[in-house]
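Subject: Structure handover

Hello,

Here is the structure I said I would pass on. Please open it beside this email and follow along; my notes come after it.

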Amino acid sequence: MRLALAQINPLVGDLGGNAAQLLKHSQRAAAAGADLVVTPELSLWGYPPRDLLLRPALLQEQTRVLDALAADLPPGLGLLVGLVNPIAGGELPALYNAAALVHQGVWRVVAHKRLLPSYDVFDERRYFQPGNQACLLEWPGAERVWRLGLTICEDLWVEERVQGRRLAGADPIAELGPQRPDLLLNLSASPFSQGKPELRQRLAAAAAARLGCPVVYVNQVGGNDELVFDGCSFVIDPEARVLQQLPCATVALDLWEAIPRQTAPAPWPPASPAPAPLPAPLDQLFRVLVLGVRDYARKCGFERVVLGLSGGIDSALVAVIAAAAFGPEQVLALLMPSPYSSAGSRLDASNLADRLGIPHQTLAIEPLMAAFDEGLEAVLQGVPQGLTAENLQSRIRGTLLMAVANQQGRLLLSTGNKSELAVGYCTLYGDMNGGLSVIGDLYKTTVFRLCRWLDSDEAACCRKACGLPASGQLIGDAIRSKPPSAELRPDQRDTDSLPDYDQLDPLLKAYIEELRSPEELFTLGQVDRELARRVYRLLRTAEFKRRQAAPLLKVSGRAFGGGWRMPIAAGPIA
């Protein structure tokens, strides 16, 4: 039996366009001799469709699109497609998250998702009811009937010893055991976070060992708002050997031939040639960021972007990501020096743009600063001072960037990092301006680590694949070695206002991703009590800023986005 793994990049809500993608991949699969095409979760809708699921017109369109897809599918080919299945009778929620088999000119629902995640960025219980039985599909092969266990995404996440915790409810893998499937298929839409591609393989290997059969895992690829889906689909056997591996952050179609195990001791034959391993973690991270910003722009109708380039490491990294995502000619960098911008930063910014081939222009903001001083002097009884003056510089730059973005039809990329966003070291209506925060889920220490890797020989293959120069430095020693500074006053350093990032970031990770308290960290002997309380206070009081921030690309276990639902007015604050 020849299976085709179709790792597609759907546009959420575009049922007709997604069906066209499915048909195109199915035609290619049929030409290569495939029997059955397996696609991701909700592949007809794109994941996550959110409140589009509440629109009756789209549910009606689903039926028309599926009927047309069934009529056009190559004869004899089967297609497993992710869709929604309405529940008759007026119950709420009124849908199942489902999979359908399209075959021989007709389609029918063959599986309902059993476990519905409603944690972090997921909210499936708002829309779906859980399925109530194990799903087994019998597929007539040339020489035998294949018994295919069907699961949808979270149904595979039931191994507490691997993942730590699991959803309460059924164990779809255990329920399939007595039915002795030949293969377990998992239609998935699992967004990327660091370490997750490897975790998925460990979970699938555990399921394969329990069932004594290979697991075929097909994941969505592409960026949809804050979520980026890395793909990385695979086939794995009960011995945890990867038999097939699809690429990271790329649309792909690959075939795998399932051969029945005639005797228990015989292993499944590996793919030939042997599948390539998953990319290294920083390689994965960079590719996902490039994919996320490219898809966000493309799916929102933008072809060009603009960003502010300061000579600092954050904007340098965003510039590299943008050049890889769009090509340097589609990226415009604005250099907006003030009297406090060092000569080194100005030179670093222009040198970086030259290395990347990015068009750049310089707009000095000193005349605008003087105009604001004059305009505000009467009401303030003097020119702006201190933090007010610093924020005005940031807001002048934000206004200039937005003006260029509006006038030229560009998407403005915000360049702030997660550490700054966490503690409020950023300016509303200033450096926070933008349509997308590219590195808003990267701690400052991760920014430095990723930039060091990008400038190393280890990144050559990734850089070449992303259309960047394969050799030579991109970020550059001068930018990577420079002490972080906003340069909004003379001789300013980030450490004037914040702990060193090597101290700050572990605390932030403990508060944000592990939900620990200051007293808990102090009791464990990990940190000074006053430092722990100070950082926690900064995190809590900056919530109003984050609520007004641009959407960001989620790449960690918990990001400031749909999975972060903290109140603004709340207490107590340590």
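A helix axis, as used here, is a line fitted to the C-alpha atoms over the stretch in contact, and an angle between two axes is taken between their N-to-C directions, from 0 to 180 degrees. Keep in mind throughout that this is a predicted model.

Helices H15 and H17

With that definition, helix H15 (residues 501-512) and helix H17 (residues 529-541) have axes that come within 10 Å and cross at roughly 65°. The crossing in which H15 passes H17 is right-handed. On the H15 side the contact is made by Gln503, Leu504, Leu507, Leu508, Tyr511 and Ile512, and on the H17 side by Leu531, Ala532, Arg533, Val535, Tyr536 and Leu539. Sorted by type, the residues of this contact are 10 nonpolar, 1 polar and 1 charged.

H15 has 12 residues, so at 1.5 Å a residue it should span 16 Å; the C-alpha atoms at its ends are 15 Å apart, which agrees. Its buried residues are Tyr501, Leu504, Asp505, Leu507, Leu508, Ala510, Tyr511 and Ile512. These pack against H17 and also against helix H11 (418-423), helix H12 (444-454) and helix H16 (518-523).

Helix H6

The same check can be made on helix H6 (residues 281-299): at 1.5 Å a residue its 19 residues should span 27 Å, and its end C-alpha atoms are 26 Å apart, which agrees. H6 is mostly covered, with 15 of its 19 residues buried.

The six-stranded sheet

In what order do the strands of the open sheet of 6 strands lie? The order is S5-S4-S3-S2-S1-S14, and the pairing is mixed. Strand S5 (106-112) and strand S14 (252-257) are at the edges; each has a single partner strand, so one side of each has no neighbour in the sheet. On average, neighbouring strands of this sheet are turned by 35° against each other, ignoring direction.

Strands of a sheet pair through backbone hydrogen bonds, in either a parallel or an antiparallel way. In this sheet, strand S2 (residues 36-38) and strand S3 (residues 78-86) run parallel and are joined by 3 bridges. Leu36 has Gly78 in S3 as its bridge partner.

Two helices lie across these strands. Helix H1 (residues 15-31) lies across strand S1 (2-7), S2, S3 and S14, and runs at about 40° to S14. Helix H2 (residues 56-72) lies across S3, strand S4 (95-103) and S5, at about 165° to S3.

Strand S10 (residues 221-224) and strand S11 (residues 227-230) run antiparallel, joined by 4 bridges. Asn224 has Leu227 in S11 as its bridge partner. S10 is covered on both faces: Val221 and Gly223 are buried on one side, and Gly222 and Asn224 are buried on the other. The hairpin has 2 residues between its strands, and Asp225 takes a positive phi near 60° there. Asp225 is partly exposed, as its relative accessible area is 46%.

Backbone exceptions

Most residues other than glycine have a negative phi, and most peptide bonds are trans. Asp225 is not a glycine, yet its phi is positive. Arg180 also has a positive phi, near 45°, without being a glycine. Arg180 sits in the loop between helix H4 (172-176) and S8. Is Arg180 buried or exposed? With a relative accessible area of 67%, Arg180 is exposed. The peptide bond joining Tyr47 and Pro48 is cis, with omega about 0°. Pro48 is in the loop between S2 and H2.

Two buried residues

Buried means under 20% relative accessible area. Gln393, in helix H10 (residues 386-408), has 2% relative accessibility and therefore counts as buried. Apart from neighbours within four places in sequence, Gln393 is in contact with Ser338, Tyr340, Ile365, Met369, Glu487 and Leu488.

Ser193 lies in the loop between strand S8 (183-188) and helix H5 (196-211). At 11% relative accessibility, Ser193 also counts as buried. Not counting residues up to four places away in sequence, Ser193 touches Lys554, Val555, Ser556 and Gly557.

Regards

Technical notes: Residues are numbered from 1 along each chain as its sequence is written. This is a predicted model: local features need pLDDT of at least 70, side-chain atom pairs count only at pLDDT 80 or more; totals for chains, interfaces and linings use all residues. Side-chain values use heavy atoms; hydrogens and water are left out. The expected span of a helix is 1.5 Å times one less than its number of residues. Buried means under 20% relative accessible area, exposed over 50%, partly exposed in between (1.4 Å probe, protein chains only). Two strands pair if DSSP finds at least two bridges between them. Contact means heavy atoms within 4.5 Å. A crossing is left-handed if the near helix is turned anticlockwise from the far one by less than a right angle, and right-handed if clockwise. Ala, Val, Leu, Ile, Met, Phe, Trp, Tyr, Cys and Pro count as nonpolar, Asp, Glu, Lys and Arg as charged, and the others, Gly among them, as polar.
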